[in-house]
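Let's take a walk through this fold together, one piece at a time. Keep the structure open beside you and find each part as we get to it.

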Amino acid sequence: MIFKAILSSQASPGYGQATIHFPIPDSDYDLVIRMLEDIGVGSPTAQDCRVVGLEGLYPTLKRLNGQAINVDELDYLAKRLDSFSDGEDAQFEAMAFKLNLSSIKDFINLTFCCQQATVITNFSDLERVGKSHALTINGGAMPAAEYDQVDGRMAALDLLQNKAGTITPYGVVYDNGLELEPLYDGRHFPAYLYKPPQMVIEIKSESNGEAAGYLYLPCTDTQLQRTLERAVAGQDGFRMEITTDDLPPQVSAAVSLARDSLDEINGLCRAIEPLTTAQRNKLEAVVLLARPQYASEVRKLAENLDQFDFMARPLIQETDIALTELGCVAYHGSVTLEELMRDNPAEQHQREMGGMK
């Protein structure tokens, strides 16, 4: 848990409150939405929730108390923060304090750029401070040879003497020219993989071709519908495109946005997600056997894999394998079948000589 929030209705606070832990686990998402609907909130698009209280790992987020937010905004922010390292935690908190941020939109946008800031929490090791600063202003990565050549103490002294730092409760912060860009516009969440999906579908505006939202499959049916509603709200039209596909290749070949509904594709991804590597390989072989035409048909095959027997083809290319009337037979010997069946000349000679006696 990154934080928990007590939410009420912005329009009708007397309807009650709901306490929710963020980020919301997929298994709890539908229940959380029903809890919010019971107190008259939970819109996919409107900021209809009021933050009554917020507690967690980021004290600066208490500035959201009393503000109107959308529950999916809080969930997205928590997922972004859940991926942070200790260093990023300090960068986020310090820059939020320096910039005096208080809106959910600004907090979300800060998660994408706070890594540009240098935060000093310990001045006792200037060598380490300087090297860390050099790494930060180079995007968080440097060739090892260049990093080793950095004079950390000199870099730290230059920073302390020539740059303007801001004292915050989280350390002294230097923004290094950081600018808060509106990647999140208050409606459309930027692409972000919180966990590896089976498939990502990008929803684009028909008018300008810009991304309006992303479906990370599998998800709950409620998440799918809310994401669609949020993405297409105010759009004259939209189109969808598969941008990430981690399904087994033979399965992917049977999936089409033009032919299959989103519910069918989502159901397929849900059926495949728990499969092991061996089971995914088996499913590919079953697909080759059954030749399904629709995602729903592949899903049924995935759900009934136990009704099929499968022996994977040996990894060694030289192996001889054949499907016979009696079953599948594979040869794993160290010599070829031809050599195996050929008599040793010495043994053949001995047998011939023995037969003449």
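Start with helix α3, where Glu 88, Ala 90, Gln 91, Phe 92, Glu 93, Ala 94, Met 95 and Ala 96 are buried (buried means under 20% relative accessible area, exposed over 50%, and partly exposed in between, using a 1.4 Å probe and protein chains only). Helices here are DSSP runs of H or I with at least four residues, strands are E runs of at least two, and both are numbered from the N terminus. This is a predicted model, in which local features need pLDDT of at least 70 and side-chain atom pairs count only at pLDDT 80 or more, while totals for chains, interfaces and linings use all residues. Residues are numbered from 1 along each chain as its sequence is written, and side-chain values use heavy atoms, with hydrogens and water left out.

What do the buried residues of α3 pack against? Their partners are α2 (71–82), α4 (104–110), β5 (118–120), α5 (126–137), β6 (166–168) and β7 (171–174). (The expected span is 1.5 Å times one less than the number of residues.) Just after α3, look for Asn 100, with its positive phi of about 55 degrees.

Now hop over to an open sheet of four strands, ordered β2-β1-β3-β4 with antiparallel pairing; two strands pair if DSSP finds at least two bridges between them. At the edges sit β2 (17–22) and β4 (68–69), each pairing on one side only. Six bridges link β1 and β2, and Ile 6 stands opposite Thr 19 in β2. Strand β3 (49–56) and β4 are joined by two bridges, with Arg 50 opposite Ala 68 in β4.

Last stop: an open antiparallel sheet of three strands in the order β9-β8-β10. Its edge strands are β9 (211–217) and β10 (238–245). Strand β8 (199–205) runs antiparallel to β9, joined by six bridges, and Ile 201 stands opposite Leu 215 in β9.

How values were computed. Contact means heavy atoms within 4.5 Å.
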